[in-house]
Amino acid sequence: MRPGGDAAPAAPDARAHAHATLGKARSENFPVAPSFLPRAWRDGLMAVYGYARLVDDIGDGDLAPGGHDAVLLGLDPAAADEPLAMLDALEADLQRAFGGPGGPPRHPLLQALRPVVRAHGLTPEPFLGLIEANRQDQRVTRYATYGDLLAYCELSANPVGRLVLSLTGTSTPERIRRSDAVCTALQIVEHVQDVAEDLGRDRIYLPAEDMSRFHVAETDLKAHRAGASVRSLVAFEAERARDLLNEGTPLVGSVHGRLRLLLAGFVGGGRAALRAVTAAGFDVLPGPPKPTRSGLLREVAAVLRTAPRKG
């Protein structure tokens, strides 16, 4: 341990392991920490992304093989296959990142988060929300109503947008409301894209009330191609996500400079993903339709042109 109580540098293999997790940012629908941002913002956004990605990988069973993350969190390697135990250990490490008992954090991604927490005065609540969402994923595999799904998004998605506002010093009640709309939309877009992948984990995020409305049974979601009813259901959920993105778009116009471009990237990424779903005829069962880079850039430009400016 270095003077002042900070953790010693992570071992090279631990650093490489953390770097591999951060590398997943390239596969997201939106740019996570683009190079045009100030270095302090990029570092903060990547630290938050690394934490969020680790939480999701634990909850989804997508950790790298070998149990390395479990060892980093002080558990037996076999615990990597026990999401609830891993999430508990991660929560304990998160508390250490906020100065709790037990010394500095153990996992390199939490070690990277610690100075960001200090520099920006972040609170534990958004980070805990992400853990609770993944605990819920272990207990809840079906959602009866759209309201139930929105409550899940409040834990699984909205904290990320709130953290972005905190990191950039731009939080206001109105911006948080708009950010929540954008983040919930992005989460629904992801659920729409990943119907087949989620079903492989025995999860369905399409509300049961909507499935009933469109006469879609779970067996219909197991087909190699979507029938007319499934396509209609996916189109319905995609339109909900589009409405939420439209509700949140004024957030882009409420800020200036490079933050405006970043937030336009989030909204444009969601719109580009929805355009890809539409181009696929709302058939998401063969695999998630993904936007092209040119399609993403076009949507970001459109957001920048149309987002109303305030202030």
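Mentor: In this predicted model, a residue counts as buried under 20% relative accessible area, as exposed over 50%, and as partly exposed in between.

Trainee: Is Arg139 buried or exposed?

Mentor: The relative accessibility of Arg139 is 52%.

Trainee: Which side chain does Arg139 meet in a salt bridge, and what is the N to O distance?

Mentor: Side chains of opposite charge can pair when their charged atoms come close. The partner of Arg139 is Glu132, a residue that is partly exposed at a relative accessible area of 27%. From N to O, the distance between Arg139 and Glu132 is 3.3 Å.

Trainee: Which residues do salt bridges that share partners join into one network?

Mentor: Arg139 and Glu132 form a salt bridge, and both belong to this network. Salt bridges that share partners join the network's members, which are Asp88, Glu91, Glu132, Arg135 and Arg139.

Trainee: How many residues apart are Arg142 and Glu218?

Mentor: Arg142 and Glu218 form a salt bridge, with the closest N and O atoms 2.9 Å apart. Arg142 lies in the loop between helix H6 (125–139) and helix H7 (146–156), and Glu218 in the loop between helix H11 (208–213) and helix H12 (228–248). The pair thus links distant parts of the chain, 76 residues apart.

Trainee: Is Asp180, the salt-bridge partner of Arg162, buried or exposed?

Mentor: The side chains of Arg162 and Asp180 meet at 2.5 Å, N to O. Arg162 belongs to helix H8 (residues 158–167) and Asp180 to helix H9 (residues 173–193). Arg162 is partly exposed at 29% relative accessibility. Asp180 has 12%, and because the limit is under 20%, Asp180 counts as buried.

Trainee: How many salt bridges does the count come to?

Mentor: The rule asks for a side-chain nitrogen of Lys or Arg within 4 Å of a carboxyl oxygen of Asp or Glu. By this rule, the count of salt bridges comes to 24.

Trainee: Is H12 roughly parallel or roughly antiparallel to H14?

Mentor: The axes of H12 and helix H14 (residues 257–279) come within 10 Å and cross at roughly 160 degrees. Angles over 145 fall in one class, so H12 and H14 are roughly antiparallel.

Trainee: How many nonpolar, polar and charged residues does the contact of H12 with H14 have?

Mentor: On the H12 side, the contact includes Val234, Ala238 and Leu245. On the H14 side, Val267, Gly270 and Arg271 are among them. By class, the contact has 7 nonpolar, 3 polar and 2 charged residues.

Methods:
Residues numbered from 1 in each chain as written. Predicted model: local features only at pLDDT ≥ 70, side-chain atom pairs only at ≥ 80, totals over all residues. Heavy atoms only, no water. Buried < 20%, exposed > 50% of the residue type's maximum accessible area, 1.4 Å probe, protein only. Helix = DSSP H or I, 4+ residues; strand = E, 2+ residues; numbered from the N terminus. Axes fitted to C-alpha atoms, helices over the stretch in contact; angles between N-to-C directions. Parallel < 35°, antiparallel > 145°, perpendicular 65-115°, else oblique. Contact = heavy atoms within 4.5 Å. Nonpolar A, V, L, I, M, F, W, Y, C, P; charged D, E, K, R; others polar.
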